[in-house]
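Here's a quick tour of some side-chain contacts, written for someone who likes cut-offs spelled out. Have the viewer open while you read.

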Amino acid sequence: MDFNLKKLTSDAGVFFTRAVQFTEEKLGSAEKTELDAHLENLIARADCTKNWTEKIFRQTEVLLQPNPSARIEEFFYEKLDKKIPSRTTNGELLGQYMLDAAKDFGPGTPYGSTLITVGEYQSRLGGAEREFLQTSAINFLTPLRNFLEGDWRTISKERRLLENRRLDLDICKARVKKAKQAEAKAAAEPDFQETRPRNYVLSASASAVRRPQTETHAEQELRVAQTEFDRQAEVTRLLLEGISSTHVNHLRCLHEFVEAQATYYAQCHQYMQELQKELSRYPNSFASNANPSTSATCPSPVSSATLPGVSPPCLASTSTPGIAREPSGPLKIQDVQQPSTGHRKAKVLYDYDAHDTSELSLLADELITVYTVPGMDPDWLVGERGNQKGKVPVTYLELLS
């Protein structure tokens, strides 16, 4: 490795000069060449684009891969220019665990067969997630990364060159200004050549000749510095104006990212609907492990849609020997008459869809009149709303005093 002492000394001198110049500019004691307003606006817009692109890129990485260790591993693979190894998604791993558990529990048992069905759909969900991650990384993350690591680095490099050209221009302006001040000072001094020795007169004449030459050289350096500054400003301006095309490109990538999200969530919704249909084909499998004297009826999941995050309770009833369970057989609800006493108002807590003509559909937050009849299941009441009448589940109601 060659060690150039002269170059090192020169670089140290330039660094020191730049530091002094920046300090004087901050203190207002040195002249600073201002960029034109259009270029300043382009620089501000570029900085804003870089900052928000970086934030969106980082947060999208967190969204697609919440595990920081996995993100660091992928980062090193990219820097080493190696292919990132395939990683099993959580859905695929859960599905595999369910399939393995079904083998131990017995595929022929209700629990084992259900595990197989759910495990297969979990694997499908994991596969959809894998496809979504790959599509998003290619169509959205990669363009953002290319901008930050490619275009922005080029822009930053040219901006640093522009700043150096500006500092050189300011130094040349200061030199010209100093030379003119020296000339003006020399012109203002009185002429004592008649009373001075001849040698001093000759020396003074030579100095007077050198002053215009120094001023001419400084002005020539100023013209060169101004030309280089203008050329670099034009190059930087062209690069910064390319930010508009970057926005157009990122807009297209954003549309593709949203499309990938919509496709992924639509696939997940479809798989879950299919899984619900598969599980609904075997309703008796839930009762095989339950107490024969106890049964549970859960309403359709759609009936709780108006209360996000709140699941309506299941309707559990205990059958007594000799007394038939009321909801299981059709009740001639029209024959039931409202008693003169014992009826009260009730507020509906959840939506409820009637399963047959003997039941009354409910809407959340409405008020109805309820009462009981002899021999009726204690988990059910008779509800009336205007001319409509039918059985309603107690767990969906808040009885008012």
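The charged end of Lys55 sits over the ring of Trp52, 4.6 Å from its centre. Arg124 does likewise with Tyr121, its charged end 4.6 Å from the centre of that ring. "Over a ring" here asks for NZ of Lys or CZ of Arg within 6 Å of the ring centre and within 35 degrees of the ring normal.

Bear in mind that this is a predicted model: local features need pLDDT of at least 70, side-chain atom pairs count only at pLDDT 80 or more, and totals for chains, interfaces and linings use all residues. Residues are numbered from 1 along each chain as its sequence is written, and side-chain values use heavy atoms, leaving out hydrogens and water.

On to ring pairs. There are eight aromatic pairs in the structure. Take Phe147 and Trp152: the ring centres are 6.3 Å apart and the planes at 50 degrees, so this pair is tilted. For the bookkeeping, rings of Phe, Tyr and Trp (its six-membered ring) pair if their centres lie within 6.5 Å, with planes under 30 degrees apart called stacked, over 60 edge-to-face and the rest tilted. Phe147 is buried at 2% relative accessible area, and Trp152 is buried too, at 10%. Buried means under 20% relative accessible area, exposed over 50%, and partly exposed in between (1.4 Å probe, protein chains only). Elsewhere, ring pairs tie Phe132, Phe140, Phe257, Tyr264 and Tyr265 into a cluster.

Now for the salt bridges. The structure has 15 of them, each being a side-chain nitrogen of Lys or Arg within 4 Å of a carboxyl oxygen of Asp or Glu.

| Pair | N to O distance | Where |
|---|---|---|
| Lys50 and Glu54 | 3.3 Å | both in helix H2 |
| Glu221 and Arg175 | 3.1 Å | helix H6 and helix H5 |
| Arg252 and Glu256 | 3.1 Å | both in helix H7 |

Helices are DSSP runs (H or I, at least four residues), numbered from the N terminus. Lys50 and Glu54 are four residues apart, about one turn of the helix, and Arg252 and Glu256 have that spacing as well, four residues. Glu221 is partly exposed at 25% relative accessibility, as is Arg175 at 45%.

How values were computed:
Helix = DSSP H or I, 4+ residues; strand = E, 2+ residues; numbered from the N terminus.
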